[in-house]
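Have the sequence and the 3D view open side by side.

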Amino acid sequence: MLTRVGIVGAGQLGRMLALAGYPLGIHCVFLDRSAGAPAAQVAPILTGELEDPVLLAALAERSEVVTFDWENISGSALAPLERLTKIRPPRAALEVSQDRLAEKALFSRLRIPVAAHAPIDDREQLIRATRKLGLPGVLKTRRLGYDGKGQFVLRGPEDIDPAWAMLGGDGLIYEKYQQFSREVSIVGARSASGQIVHYPLSANTHGGGILHYSIAPFANARLELRARTYLHRLMRAMSYVGVLAVEFFVVGGRLIANEMAPRVHNSGHWTIEGCVTSQFENHLRAICDLPLGSTRPLGHTAMINFLGNMPDRGRLLAMEGLAFHDYGKEPRPGRKLGHCTIVRNRAAARNFALANALKSIQWT
Ligand SMILES: Nc1ncnc2c1ncn2[C@@H]1O[C@H](COP(=O)(O)OP(=O)(O)O)[C@@H](O)[C@H]1O
Ligand SMILES: [Mg+2]
């Protein structure tokens with residue numbers, strides 16, 4: 001088993017990985033620009049640019065395996081590390097998930113349905129795409145988008161100019177707008193020996209492109225089987241090691257893949273209290289050559305993000321069984337600062353508690 005893990009990026013995902021590692025005797029060391037980053041408050045950190053070759057090599061030297069809290073590091077910055085240490089998940093998985101167009105091409109190659117889309121490099125192409133694929137649609141940057149950033153929803157032809165004014169340039173993608181009934185995601189883990197586990201589906205509610213809350217399990221055996229099949233195809237195709245998350249739209253009872261994340265995922269935070277083994281522990285188990293843990297749910301769970309401001313902890317903690325997570329970040333509008341989780345025996349009781357907790361939370 002491996003016990004020293006290097007993590008590129010020290011955000012809240014890294015922090016929750018480090019916290020999951022301690023009971024297993026796994027020690028994480030981070031690389032991040034900021035010495036005050038969430039994970040740096042709980043584990044050692046090297047500070048500097050994420051793509052600095054000297055720092056990356058130092059991280060690799062201090063660890064037996066390198067993983068990520070932030071997946072947008074360039075493949076060329078990582079390539080030299082492959083001679084020094086194991087990189088998990090593999091660099092190729094990171095690279096494909098960095099580009100929405102390459103990601104959709106991989107989905108399609110594996111017969112995983114995606115929204116109709118077209119690459120956009122100039123304004124003429126955008127006009128043609130809105131005619132060919134129709135409106136409404138979403139114009140997105142191919143790279144570096146997250147939490148709904150780098151996106152513009154076009155409702156009618158009058159939105160072409162404002163969309164182009166905001167995002168115009170090369171490296172865009174236009175997608176047909178999906179009239180979904182739900183957004184769901186699947187999170188799973190694969191070990192180097194090929195063992196695969198997956199969590200129950202989670203149903204995710206977004207506002208302005210950013211996750212507000214998730215409920216799980218989203219009990220739909222047919223959709224879960226589909227999602228699981230797609231997850232397995234992706235993991236096998238990429239010789240994946242670690243946790244992988246795939247987001248879907250449910251359209252007319254079918255799953256349309258939206259995007260994947262080669263890391264632990266916000267829609268899997270509920271697994272900390274909601275399952276026998278959390279996504280964080282299973283990511284570490286996978287990359288450290290340990291057997292994967294049970295993903296059995298412990299009840300009906302809701303996870304709510306704290307965005308932009310921290311809610312009143314006293315009020316929330318007065319709720320029975322509520323788990324509170326503060327990431328130790330400075331408040332900023334739209335920023336993910338923490339989350340809370342509630343587990344109940346029955347779905348109706350969970351829904352009631354969720355509605356109650358939501359009264360104490362404001363997204364800003
Ligand atoms: N083609 C689409 N149709 C409808 N809604 C979309 C579409 N693309 C994105 N969205 C909405 O915006 C959210 C964020 O978009 P996503 O592609 O997942 O980017 P991000 O990397 O920011 O999470 C989605 O969860 C969904 O709510
Ligand atoms: Mg997303």
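**Briefing**

At 22% relative accessibility, Asp147 falls between the cut-offs of 20% and 50%, so Asp147 counts as partly exposed. Please keep in mind that this is a predicted model. Asp147 is a handy place to start, as the first topic shows.

**The loop between β7 and β8**

- Asp147 sits in the loop that links β7 and β8.
- The phi of Asp147 is positive, near 50 degrees, although the residue is not a glycine.
- Most residues other than glycine have a negative phi, and most peptide bonds are trans.
- Leu144 belongs to the loop between β7 (137–141) and β8 (151–154), and Leu144 has a positive phi too, of about 65 degrees.
- Leu144 is exposed, with a relative accessible area of 55%.

**Around ligand 1**

- A polar backbone atom of Asp147 is 3.0 Å from an oxygen atom of ligand 1.
- For Gly148, a backbone N or O atom lies 2.6 Å from an oxygen atom of ligand 1.
- A nitrogen atom of ligand 1 is found 3.2 Å from a polar backbone atom of Lys176.
- Ligand 1 has 20 residues around it, and those that come nearest are Lys140, Gly148, Glu183, Asn258 and Glu259.

- Glu247 is part of strand β14 (residues 242–251) and Glu259 is part of strand β15 (residues 254–261), so the pair ties together parts that are 12 residues apart in sequence.
- Is Glu247 buried or exposed? With 12% relative accessibility, Glu247 counts as buried.
- Glu259, at 22% relative accessibility, counts as partly exposed.

**The parallel sheet and the helix across it**

- Five strands form an open sheet in the order β3-β2-β1-β4-β5, and their pairing is parallel.
- Why is one side of β3 (45–47) and of β5 (86–87) left without a neighbour in the sheet? Both strands stand at the edges, each with a single partner strand, so there is no neighbour in the sheet on one side of each.
- Strand β2 (residues 27–32) runs parallel to β3, and three bridges join them.
- Within that pairing, Leu31 stands opposite Leu46 in β3.
- Helix α10 (residues 279–287) lies across β1 (4–8), β2 and β4 (65–68), and runs at about 145 degrees to β4.

**Antiparallel pairs**

- Strands of a sheet pair through backbone hydrogen bonds, either parallel or antiparallel.
- Two bridges pair strand β10 (residues 182–190) with strand β12 (residues 202–207) in the antiparallel sense, and Val184 stands opposite Ala203 in β12.
- β12 also pairs with β13 in the antiparallel sense, over five bridges.
- Gly207 has Ile210 in β13 opposite.
- How many residues lie between β12 and β13 in their hairpin? There are two, and Gly208 in the turn has a positive phi of about 55 degrees.

**Two side chains to look up**

- Lys104, in helix α5 (residues 100–109), counts as buried at 1% relative accessibility.
- Leaving aside residues up to four places away in sequence, Lys104 touches Val114, Ala115, His117, Ile173, Glu175 and Asn258.
- Arg91 has its place in helix α4 (residues 91–97) and counts as partly exposed at 22% relative accessibility.
- Glu82 makes a polar contact with Arg91 (3.0 Å), side chain to side chain.
- Beyond residues up to four places away in sequence, Arg91 touches Gly75, Leu78, Ala79 and Glu82.
- Arg91 and Glu71 are 20 residues apart in sequence, and their C-alpha atoms are 9.7 Å apart in space.

**Cis peptide bonds**

- The bond from Arg88 to Pro89 is cis, with omega near 0 degrees, and Pro89 lies in the loop between β5 and α4.
- The bond from Ala216 to Pro217 is cis as well, with omega near -10 degrees.
- Pro217 sits in the loop between β13 (210–216) and α8 (221–237).

Methods:
Residues numbered from 1 in each chain as written. Chains lettered and ligands numbered in written order. Predicted model: local features only at pLDDT ≥ 70, side-chain atom pairs only at ≥ 80, totals over all residues. Heavy atoms only, no water. Pairing = 2+ DSSP bridges. Helix = DSSP H or I, 4+ residues; strand = E, 2+ residues; numbered from the N terminus. Contact = heavy atoms within 4.5 Å. Axes fitted to C-alpha atoms, helices over the stretch in contact; angles between N-to-C directions. Buried < 20%, exposed > 50% of the residue type's maximum accessible area, 1.4 Å probe, protein only. Near = heavy atom within 4 Å. Polar contact = N/O pair within 3.5 Å; in protein donor to acceptor, adjacent residues only side chain to side chain.
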